[in-house]
Amino acid sequence: MRHITGLIGREELIEKITREARKGRHLLLTGPAGVGKSTLLEAVIDRLIVRRDLIVLHIHEHQAKGQFLEIARGLLESGLLKPSALELDAALDALNPAAIEWAKIKRSVNRLSIRDLTAAIIPAIHAHKGRVLIAVDDLTAVTPTLVAFWLAILDAAQLLTCASEKRKNVSRLWWKLAEIDIPPLSVDTAREIAQTYLTQTGMLVESPALFIAHVVQQANGNPQALADLLADSSKERVVDKQRIREMRHAAGVRYLDFTPVMIVALASIIGARYLAIGTGDTELYVFAGMAAAVVISIRVFIFRGAGKAN
């Protein structure tokens with residue numbers, strides 16, 4: 001969806017992250033799943049990659065061993081790491097890095113432990129005269145046993161990464177990173193994205209206003225949820241009102257159904273008033289009347305708020 005809507009509402013945040021990254025700081029982007037951390041990371045990389053003295057390694061792998069393999073591959077392809085440092089045939093050192101086929105050597109490199117990979121990676125980065133930025137899509141699953149290896153990388157390269165959760169048992173790693181929290185989209189921004197998507201794709205929607213309001217409510221500021229809802233709707237020939245009302249997403253705003261509570265409260269008040277009449281209890285009769293007025297007033301505000309939300 002990014003090629004249609006761009007990064008509406010995120011420009012200022014991208015600029016902030018880019019400024020901090022240009023200072024050479026290690027950065028950690030935090031926020032719930034789907035809030036757009038990886039998308040923002042990619043946008044920041046696009047702005048940083050223009051610097052000639054900066055080598056950027058973008059790591060998409062989420063598993064620990066795979067992340068270190070991708071770092072080794074990136075350094076190998078950039079010419080910073082010699083194949084012999086990965087216990088490969090020394091004859092490969094004389095080849096142009098572009099001529100080395102990763103598919104043919106991956107199995108051999110995969111036999112190395114994370115310790116061995118780190119032992120090859122760190123000296124290669126230190127030997128480079130320029131800067132190396134390692135951007136990792138997700139470090140949420142990092143374990144205490146890996147903290148020492150990542151700390152060693154932080155001493156040699158700049159790290160820009162994301163995490164949907166900061167595990168306490170790896171706090172030594174988080175201490176080294178400047179945290180930037182990624183907030184959900186504002187209602188106005190979500191509306192603008194939905195409207196742009198409708199305009200650009202030419203979706204046939206029976207009630208565009210109702211559709212946009214419902215999609216925004218169900219997405220609840222989560223960009224991935226918004227993208228899922230819009231993409232799923234675009235598969236329909238025509239999105240009618242019934243289809244709009246049926247649209248649901250796990251990220252959506254949830255409202256407590258007060259209907260049973262209101263019924264019990266009103267029934268109790270009516271019962272109390274009849275009891276007051278039967279027993280001649282004036283105080284109970286007045287109290288029940290006041291309680292009825294309060295419940296009816298609350299009911300009006302509850303349903304008015306629910307109407308606005310929908």
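Contact, as the term is used here, means heavy atoms within 4.5 Å. The structure is a predicted model, in which local features need pLDDT of at least 70 and side-chain atom pairs count only at pLDDT 80 or more, while totals for chains, interfaces and linings use all residues. Residues are numbered from 1 along each chain as its sequence is written, and side-chain values use heavy atoms, with hydrogens and water left out.

Helix 7 is described first. Helices (H or I, at least four residues) and strands (E, at least two) are DSSP runs, numbered from the N terminus. A residue is called buried under 20% relative accessible area, exposed over 50%, and partly exposed in between (1.4 Å probe, protein chains only). The buried residues of helix 7 include Leu146, Val147, Phe149, Trp150, Leu151, Ile153 and Leu154. The partners against which the buried residues of helix 7 pack are helix 4, helix 6, helix 8, strand 3 and strand 4.

The nonpolar core is considered next. In soluble globular proteins, nonpolar side chains tend to be buried together. A nonpolar core is defined as a set of buried Ala, Val, Leu, Ile, Met, Phe, Trp, Tyr and Cys residues joined through side-chain atoms within 4.5 Å. In this model the largest such core comprises 45 residues, and those with the most contacts inside it are Ile71, Leu86, Leu117, Ile134, Trp150, Leu173 and Trp174. Two or more residues of this core are given by each of strand 2 (54–59), helix 4 (64–78), helix 5 (102–110), helix 6 (114–127), strand 3 (131–136), helix 7 (144–156), strand 4 (158–163) and helix 8 (171–174). When neighbours within four places in sequence are set aside, Ile134 is in contact with Leu57, Ile59, Ile71, Ile125, Ile153, Ala157, Gln158, Leu159 and Leu160.

The packing of helix pairs was then examined. Two packed helices are described by the angle between their axes and the distance between the axes. Axes are lines fitted to C-alpha atoms, for helices over the stretch in contact, and angles run from 0 to 180 degrees between N-to-C directions. Angles under 35 degrees count as roughly parallel, over 145 as roughly antiparallel, 65 to 115 as roughly perpendicular and the rest as oblique. For the classes of residue, Ala, Val, Leu, Ile, Met, Phe, Trp, Tyr, Cys and Pro count as nonpolar, Asp, Glu, Lys and Arg as charged, and the others, Gly among them, as polar.

The axes of helix 6 and helix 7 cross at roughly 10 degrees and come within 9 Å; helix 6 is therefore roughly parallel to helix 7. On the side of helix 6, the residues that meet helix 7 are Ile114, Arg115, Thr118, Ile122, Ile125 and His126, and their counterparts in helix 7 are Leu146, Phe149, Ala152, Ile153, Asp155 and Ala156. This contact of helix 6 with helix 7 has eight nonpolar, two polar and two charged residues.

Helix 9 (residues 187–201) packs with helix 10 at an angle of about 130 degrees, the axes being 9 Å apart, and helix 9 is therefore oblique to helix 10. The crossing of these two helices is right-handed, a crossing being left-handed if the near helix is turned anticlockwise from the far one by less than a right angle, and right-handed if clockwise. Helix 9 contributes Val187, Ala190, Arg191, Ala194, Gln195 and Leu198 to the contact, and helix 10 contributes Pro208, Phe211, Ile212 and Val216. By class, the residues of this contact are eight nonpolar, one polar and one charged.

Helix 10 (residues 208–219) also packs with helix 11 (residues 223–233), at an angle of about 140 degrees and with axes 8 Å apart. These two helices are therefore oblique to each other, and their crossing is right-handed. Phe211, Val215, Gln218 and Ala219 of helix 10 meet Ala225, Leu226, Leu229, Leu230 and Ser233 of helix 11.

Most residues other than glycine have a negative phi. Phi of Asn220, however, is positive, near 55 degrees. Asn220 lies in the loop between helix 10 and helix 11 and is partly exposed, with a relative accessible area of 42%. Glu87 likewise has a positive phi, near 65 degrees. Glu87 is placed in the loop between helix 4 and helix 5 and is exposed, at a relative accessible area of 61%.
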